[in-house]
Amino acid sequence: MFITFEGPDGSGKTSQMAELAAHLHECKFDLLATREPGGTIIGDQIRAILLAMENQDMHPRTETLLFQASRAQLVEECIRPHLAKGGVVLCDRYADSTIAYQGYGYKVDIKQVRAIVDFATGCLTPDLTLLLDLDVEEGLRRRAGGGSINRLDAYELAFHQRVRDGYLLLANADPGRWVVVDADRSFEQVQIDIRQIVMKRLGQPARS
Ligand code: TYD
């Protein structure tokens, strides 16, 4: 079972995924929890290039391709082998991040973006995608409250609004795969929802 977490910056998906991963470990699932960009030695090097403040002049197509390079490595080195042995994979961002950020956010042609995303993933699609949806300004406020600011955080507000709208379009177009979770609630409440959704898909009763 391949489960991805998506959402705008500051939606809390990274900490929510970590909490879910701890729960699935306790339930003895054979779990791989990983993230994008990165997740492999090669991918982490690509991540450093993508996030470096000195790379302000990076063209959107360059950025799009670097994300795919990181992803292709992660899919082949980690995700496919783990799924092949029947494990559960949790991934913090995946192909839909490229459609939302580079496609809708940066307005790179969606058809072209989809084609290179499919090339990078070998068309490996998640079984379940959780969209942690949050008002854009609230997300940026939360984000500014903690951690250092990186090059990708510096995108303007309108960009983030297009990203959020893009995510919602994707989710509405494929309700069999996507579940939208309202992230503008307490951490605990959001986690309860996420656990219920995931345990149901895994065919397990949700335990608190
Ligand atoms: P990161 O610090 O991991 O942010 P977050 O905790 O919000 O995931 O930085 C990743 C940034 O890269 C984030 O702003 C989203 C962006 N991104 C893309 O633009 N395209 C992609 O394909 C991926 C995977 C991420």
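Helices here are DSSP runs of H or I with at least four residues, while strands are DSSP runs of E with at least two, and both are numbered from the N terminus. This is a predicted model, in which local features need pLDDT of at least 70, side-chain atom pairs count only at pLDDT 80 or more, and totals for chains, interfaces and linings use all residues. Residues are numbered from 1 along each chain as its sequence is written, and side-chain values use heavy atoms, with hydrogens and water left out.

Q: Which helix gives the most to the shell around the ligand?
A: A residue is near a molecule or strand if one of its heavy atoms lies within 4 Å of it. Three helices, α1 (13–26), α3 (60–84) and α4 (95–105), each supply at least two residues of the shell around the ligand. The helix that gives the most, with four residues, is α4.

Q: How many charged residues does the shell around the ligand have?
A: In this classification Asp, Glu, Lys and Arg count as charged, whereas Ala, Val, Leu, Ile, Met, Phe, Trp, Tyr, Cys and Pro count as nonpolar, and the others, Gly among them, as polar. The shell has three nonpolar residues and five polar ones, and its number of charged residues is seven.

Q: How many Å from an oxygen atom of the ligand does a polar side-chain atom of Lys 13 lie?
A: Of the 15 residues around the ligand, those that come nearest are Asp 9, Lys 13, Arg 93, Thr 98 and Gln 102. A polar side-chain atom of Asp 9 lies 3.0 Å from an oxygen atom of the ligand. For a polar side-chain atom of Lys 13, the corresponding value is 2.9 Å.

Q: How much of the area that the ligand exposes when taken alone does the protein bury?
A: The side chain of Arg 47 has an N or O atom that is 3.0 Å from an oxygen atom of the ligand. Taken alone, the ligand exposes 540 Å², and the share of this that the protein buries is 93%.

Q: Does Arg 177 count as buried or exposed?
A: Arg 177 is found in the loop between α7 (157–173) and β5 (178–182). Residues are called buried under 20% relative accessible area, exposed over 50% and partly exposed in between, using a 1.4 Å probe and protein chains only. Because its relative accessibility is 12%, Arg 177 counts as buried.

Q: Which residues does Thr 125 touch, not counting residues up to four places away in sequence?
A: Thr 125 lies in the loop between α5 (110–121) and β4 (128–133), and with a relative accessible area of 46% Thr 125 is partly exposed. Contact means heavy atoms within 4.5 Å. When residues up to four places away in sequence are left out, Thr 125 touches Phe 2 and Arg 177.

Q: How many residues apart are Asp 30 and Lys 85?
A: A salt bridge is a side-chain nitrogen of Lys or Arg within 4 Å of a carboxyl oxygen of Asp or Glu, and the side chains of Asp 30 and Lys 85 meet in one (3.1 Å, N to O). The pair links distant parts of the chain, with Asp 30 in the loop between α1 and β2 (31–35) and Lys 85 in the loop between α3 and β3 (88–92), and their separation in residues is 55.

Q: In which helix are Arg 142 and Glu 138 separated by about one helical turn?
A: The side chains of Arg 142 and Glu 138 meet in a salt bridge (3.4 Å, N to O). The two are separated by about one helical turn because they are four residues apart in helix α6.

Terms used: A polar contact is a pair of N or O atoms within 3.5 Å; within protein, one must be able to donate a hydrogen and the other to accept it, and residues adjacent in sequence count only if both atoms are side-chain atoms. Accessible areas come from the Shrake-Rupley method with a 1.4 Å probe; for residues, only the protein chains shown count as cover.
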